[in-house]
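Me: I'd like to learn how to read a fold from its helices, strands and contacts. Could we go through one together?

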Amino acid sequence: MAQKKLKRFAEIKSFPNVLEYPENMCGQWAHFFGNSNPVILELACGKGEYAIGLAELYPAKNFIGVDIKGNRLWVGAKSALENNLKNVAFLRTQIEKLPEYFNRNEIEEIWITFPDPQLRVSKAKKRLTHPRFLELYKKVLIKGGKIHLKTDSPDLYYFTKVVTKLYSISLISDIPDVYNEKKIFSELAIKTHYERLDIAKSKSVFYLSFALPDILTDKEEELRAILRTENDEVDY
């Protein structure tokens, strides 16, 4: 397994659709893709199935899967190359560093698909819909740019709803059981490798979409109080 990973790490360095910790990319994505089409991110993309699925659905938009694990990115990048998908790329870096790679108003939408829900309350700040991440997304999103969350974690789903209510963020869409809907958006029909394993058979899949307000008022203390009700010994 170690040799396989090392081989993949070496290979992605030669992939034209993978950038690893690149420098001076802010404002350069139109040049990279060779067009001025909207750019959409998939965060913690893993093997990039969602970024690829979205790229196939919307050839007039550009998609970038972001993840820290090069071994996983290799899978999506390889698939995109084999299928000649020119409108999808992969960025290897930490999500916390997004403003180092994108200017304000450079991203149209953000997809967060089946992220680690960080179930321990002490890890709440690592949840990708925590306000500290929302503030980060504001630095790269266009005004009114959508954020999409698709998850099988009821904890992350309800946590995100708490955050949107507390911070006066209006929900655009709230679907508590995606596959129980009579008709779902084509974007939501895309399934990751993780999702195909068993999820649609035994668990509900939750979906939320929302757009951030111009200002996110600091309500850190109120959120901490809510989280403490989950765990009286929270180390927040």
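**Reading the contacts**

Reply: Lys5, Arg8, Phe9, Glu11 and Ile12 of H1 meet Gly70, Asn71, Trp74 and Val75 of H4. Contact here means heavy atoms within 4.5 Å, and helices (H or I, at least four residues) and strands (E, at least two) are DSSP runs numbered from the N terminus. This is a predicted model, in which local features need pLDDT of at least 70 and side-chain atom pairs count only at pLDDT 80 or more, while totals for chains, interfaces and linings use all residues. Residues are numbered from 1 along each chain as its sequence is written, and side-chain values use heavy atoms, with hydrogens and water left out.

Me: At what angle do H6 and H8 pack?

Reply: H6 (residues 154–166) and H8 (residues 220–228) pack at about 150 degrees, with their axes 11 Å apart. That makes H6 roughly antiparallel to H8. Their crossing is right-handed. Phe159, Val162, Val163 and Leu166 of H6 make the contact with Glu222, Leu223, Ile226 and Leu227 of H8. By class, this contact has seven nonpolar, no polar and one charged residue.

Me: Back to H4 for a moment: is Asn71 buried or exposed?

Reply: Asn71, a residue of H4 (residues 70–82), counts as buried at 17% relative accessibility. Buried means under 20% relative accessible area, exposed over 50%, and partly exposed in between, using a 1.4 Å probe and protein chains only. Leaving aside residues up to four places away in sequence, Asn71 touches Lys5, Arg8 and Phe9.

Me: In what order do the strands of the sheet run?

Reply: Eight strands form an open sheet in the order E1-E4-E3-E2-E5-E6-E8-E7, with mixed pairing; two strands pair if DSSP finds at least two bridges between them. E1 (18–20) and E7 (171–175) stand at the edges with a single partner strand each, so one side of each is left without a neighbour in the sheet. Neighbouring strands are turned by 15 degrees against each other on average, direction ignored. Four bridges join E7 to E8 (residues 206–211), and these two strands run antiparallel. As an example, Ile175 has Tyr207 in E8 as its bridge partner.

Me: Which strands does H5 touch?

Reply: H5 (residues 131–138) packs on the sheet and touches E2 (39–43), E5 (107–113), E6 (141–151) and E8, its direction making about 140 degrees with that of E6. H6 also packs on the sheet, touching E6, E7 and E8, and its direction makes about 25 degrees with that of E8.

Me: How many residues of E3 are buried?

Reply: Six of the six residues of E3 (residues 62–67) are buried, so this strand is largely enclosed by the rest of the structure. Asn62, Ile64 and Val66 cover one side, and Phe63, Gly65 and Asp67 the other. E3 is joined to E2 by five bridges, and the two run parallel; Glu42 has Gly65 as its bridge partner in E3.

Me: And how should I read backbone phi?

Reply: Most residues other than glycine have a negative phi, and most peptide bonds are trans. Here Asn24 has a positive phi near 60 degrees. Asn24 sits in the loop between E1 and H2 (29–33) and is exposed, at 68% relative accessible area. Gln118 also has a positive phi, near 50 degrees. Gln118 lies in the loop between E5 and H5, but is buried, at 18%.

Conventions
Axes are lines fitted to C-alpha atoms, for helices over the stretch in contact, and angles run from 0 to 180 degrees between N-to-C directions. Angles under 35 degrees count as roughly parallel, over 145 as roughly antiparallel, 65 to 115 as roughly perpendicular and the rest as oblique. A crossing is left-handed if the near helix is turned anticlockwise from the far one by less than a right angle, and right-handed if clockwise. Ala, Val, Leu, Ile, Met, Phe, Trp, Tyr, Cys and Pro count as nonpolar, Asp, Glu, Lys and Arg as charged, and the others, Gly among them, as polar.
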